[in-house]
Amino acid sequence: MAMRKGLPFKSSNRLVITSVAFQDHITRSLLHPHFLLSDPLLKCKRQAPRNPRARGKGRAQTQDGEEEREHVLDPAPSPLTLAQKLGLVASPAERLTEEEWSQVKARSVHQGESAQPCAICREEFRMQHQVLLSCSHVFHKACLQAFERFSGRKCCPICRREQYETRVIHDAARLFRNQCATRIQACWRGYVARKWYSHVKKTICPKDRQLRRKFFEAKLQELNDSFVRYCHTDMEAFLSDIDHSLSSSRQVFQQLERKSISEPQENDWDRIQSQVIQRGVSECPICLTALCSQNFPAGAGRSNHQTHRSTVLLSCSHLFHQLCLEAFEAFTADSRPLCPLCRSVYYKKLI
C-alpha cells in the first residue's frame, strides 16, 4: 500500500515502527494496568480474593515494623517502552535520592501539609497511614490508592503531576501524639491548680470584706454540720433534753431569786412609796386608767367607779389596780408571777 502511494520502503517501515511504538506506550502508561487488549470486551480482570486472615496479619506486621520508619512505597521502575527508547516520548525521571526526599519533606513541613486535613477526604490524619508525594503533597495512603484506582491514572489530586513517587511518613502521627500529650498535661495541670486553689480558699482567710464574711460563714457552717453529725440521730430526744435543761435552769434561778429577795418591812414600804410619789405615777400600766388612793388622788373628771378601785404597790415600786394585777396573775403560767413592767419577783401591798 505504501508502494502504491509512492513512498519509499524505508520511510514506510519507519512509520510502522513509530506507530507500533506509540501504541505500546499508550497501552502501558495511559490505560489502566488491569485492562488487557486481548480481551474483546476490555473487561477488568479481578484478582483472586486474598485471605482476610493473612491481610490482617500483614497490617499488624506493617504497623509494628514500619511505625516510625519512612520508606519509598513505589515498586521498582517499569522498563522503558519502545517509544521512550526511540526518543519519541520523554523518559521518566530518575528515582529520588534520600537527599532529594529530605528536600521534598522540608518543603512539605514548611507548607504545613501534615498539620492540615487530607485534601481527598477532608479528615485529619491522626494515627492513620499517610504518604508524601514527590511534589510535596500529603494524603492518606488509602485515599490516594482509591483515587488512583477510580481515576485510572497516576496523577496528583492537587497539582496534577504525573508519574510521581510516594513515600510513607509519620509526621502527622507525631503531631497528633504531641497534641494529645499537651492536652493531657493541660488537664492535669488545671486539676492540680484547682485543687491547690480550693485548699488555699478553705485554709487562708481573704482580705476582702465580703469574701472574709463568706469564709467565716463557711467555717461556722462546717462546725454546725460536724456538731449535728456527732449528736444523737434522734432529734426529738435531743430537743426534749434541751427543753428539760432549760426548765431545770429556770427553776434554779427562781429559787435563787426567792432566797435573795426578802419581804420588805414598814420602813421599806415607806421608802418605796416615796419613790412612787417622786416619779408622779398616776395611771395603771395594765388598764391605762387613773389610780386612786389616799396618797394618790385621782385626776379630775374620773367616774366614781374608777375612783373607788383599790390600788396595789409592789416591792419594785410599781403601782397597779388590784383587779388588773389579779387578772394578770391568773393568766400567768409561772408558779410565782413576775412584775409586768420590770419582770422581777415582787411582794405586794394594798394601799
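View 1. The model is predicted, with local features requiring pLDDT of at least 70 and side-chain atom pairs pLDDT 80 or more, while totals for chains, interfaces and linings use all residues. Strands β2 (residues 130–133) and β4 (residues 166–169) run antiparallel and are joined by 4 bridges. Strands are DSSP runs of E, at least two residues long, and helices runs of H or I, at least four, numbered from the N terminus; two strands pair at two or more DSSP bridges.

**View 2. Residues of β2 point two ways.** Gln130 and Leu132 point one way, whereas Val131 and Leu133 point the other way. All four are buried (under 20% relative accessible area, 1.4 Å probe, protein chains only).

**View 3. Strand β3 (residues 138–140) pairs with β2 through 3 bridges.** The two strands run antiparallel, and Leu132 stands opposite Val138 of β3. Their hairpin has 4 residues between the strands, and Ser136 adopts a positive phi near 75° there.

**View 4. The second largest pocket holds about 290 Å³ of space.** A pocket is an open set of points on a 1 Å grid where a 1.4 Å probe fits, with protein on both sides within 12 Å along at least five of seven lines; lining residues have an atom within 4 Å of a point. Among its 13 lining residues, Lys201, Lys202, Pro206, Leu211 and Phe215 are the closest to the centre. Helices α6 (171–203) and α7 (209–230) each supply at least two lining residues, and α7 gives the largest share, 6 residues.

Numbering starts from 1 along each chain as its sequence is written, and side-chain values use heavy atoms, without hydrogens and water.

Conventions. Buried means under 20% relative accessible area, exposed over 50%, partly exposed in between (1.4 Å probe, protein chains only). Grid points are joined across faces, edges and corners, and a volume is the space filled by probe spheres set on the points.
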